[in-house]
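Welcome! Please take a moment to look over the sequence and the model shown here, and then read on for a guided tour.

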Amino acid sequence: MSYEEKRTWILGVAALVSYVIYLIVVLARAQHTAVVDVAYVAPLLWMVGGSIVVSIVASIAVAIGSRDRDRRDQRDREIDMRGTQAGNAFVVLGAVTALVLAMANGDRFWIANAIYLGFTLSAVVGAIAKLVAYRRGTWPW
């Protein structure tokens, strides 16, 4: 498994795990109050920050143990580009959802969570697309 593929695993899993932990924390707090009244800002910031830190530390650890960390060929660049394109649709979807919620005077809780979900889906779907490309090859188009 190449360094880029390992790094893709790290980023995808970190995004997914941090979002699941965030959901558990918010839903646990919502047992005693309405979900829009839950204190979500601190858990959201901790999960985003934690995901970033874990991704960086794990990528450094993998890079230290990997001999091919400096080898990024055309295939890696193409896979990265195609996976990023696949994931970017979810950033746009999250942003459009947040925009619609803002125009409809939606609660800040839902706006923030739409954006966070969009970022998480972007990372996870992009990582899945990249991993599929690493295993099955790039798309012919």
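## The chain as a whole

What you see is a predicted model. The protein chain averages a pLDDT of 90, and 95% of the residues score at least 70. Among the helices, mean confidence is highest in α1, at 94, and lowest in helix α3 (residues 74–103), at 90. A word of caution that holds for any such model: where pLDDT is low, the predicted coordinates should not be read in detail.

How many helices and strands does the protein chain have? There are four helices and zero strands, and along the sequence they give the pattern α-α-α-α. Taken along the principal axes, the C-alpha atoms fill a box of roughly 50 × 35 × 20 Å. Of the 141 residues in the protein chain, 33% are buried. If you take the contacts between residues at least 6 apart in sequence, 78% of them join residues at least 24 apart.

## How the helices pack

| Helix pair | Angle | Distance between axes | Crossing |
|---|---|---|---|
| α1 and α2 | about 155° | 9 Å | right-handed |
| α1 and α4 | about 150° | 9 Å | left-handed |
| α3 and α4 | about 160° | 7 Å | right-handed |

Let us begin with helix α1 (residues 3–29) and helix α4 (residues 108–136), which pack at an angle of about 150°. That angle makes α1 roughly antiparallel to α4. On the α1 side, the residues of the contact include W9, L16, Y19 and V26, and on the α4 side they include F109, Y116, L117 and L131. Sorted by class, the contact of α1 with α4 has 14 nonpolar, five polar and four charged residues.

Next comes α1 with helix α2 (residues 41–65), where the angle is about 155°. α1 and α2 are therefore roughly antiparallel to each other. Among the α1 residues that meet α2 are I10, L11, I21 and V25, while P43, L44, M47 and V62 are among those that α2 contributes. This contact of α1 with α2 is made up of 14 nonpolar, four polar and three charged residues.

Is A112 buried, exposed or partly exposed? A112, which lies in helix α4, counts as partly exposed, because its relative accessibility is 22%. Leaving aside residues up to four places away in sequence, A112 touches Y40 and L44. The C-alpha atoms of A112 and G94 are separated by 9.5 Å, and these two residues are 18 apart along the chain.

N113 is also found in helix α4. With 10% relative accessibility, N113 counts as buried, because buried means under 20%. Which residues does N113 touch, not counting those up to four places away in sequence? The answer is Y22 and Y40. N113 is one of the α4 residues in the contact with α1, and Y22 is one of the α1 residues there.

N105 lies in the loop between α3 and α4. Most residues other than glycine have a negative phi. In N105, though, phi is positive, near 60°. N105 is exposed, with a relative accessible area of 71%.

Finally, look for R71 in the loop between α2 and α3. R71 is exposed, and its relative accessible area is 62%. How far apart in space are R71 and E4, C-alpha to C-alpha? The distance is 9.0 Å, although R71 and E4 are 67 residues apart in sequence. E4 belongs to the α1 residues that make the contact with α4.

Terms used. Residues numbered from 1 in each chain as written. Predicted model: local features only at pLDDT ≥ 70, side-chain atom pairs only at ≥ 80, totals over all residues. Heavy atoms only, no water. Axes fitted to C-alpha atoms, helices over the stretch in contact; angles between N-to-C directions. Helix = DSSP H or I, 4+ residues; strand = E, 2+ residues; numbered from the N terminus. Parallel < 35°, antiparallel > 145°, perpendicular 65-115°, else oblique. Left-handed = near helix turned anticlockwise from the far one by under 90°. Contact = heavy atoms within 4.5 Å. Nonpolar A, V, L, I, M, F, W, Y, C, P; charged D, E, K, R; others polar. pLDDT = per-residue confidence, 0-100. Buried < 20%, exposed > 50% of the residue type's maximum accessible area, 1.4 Å probe, protein only.
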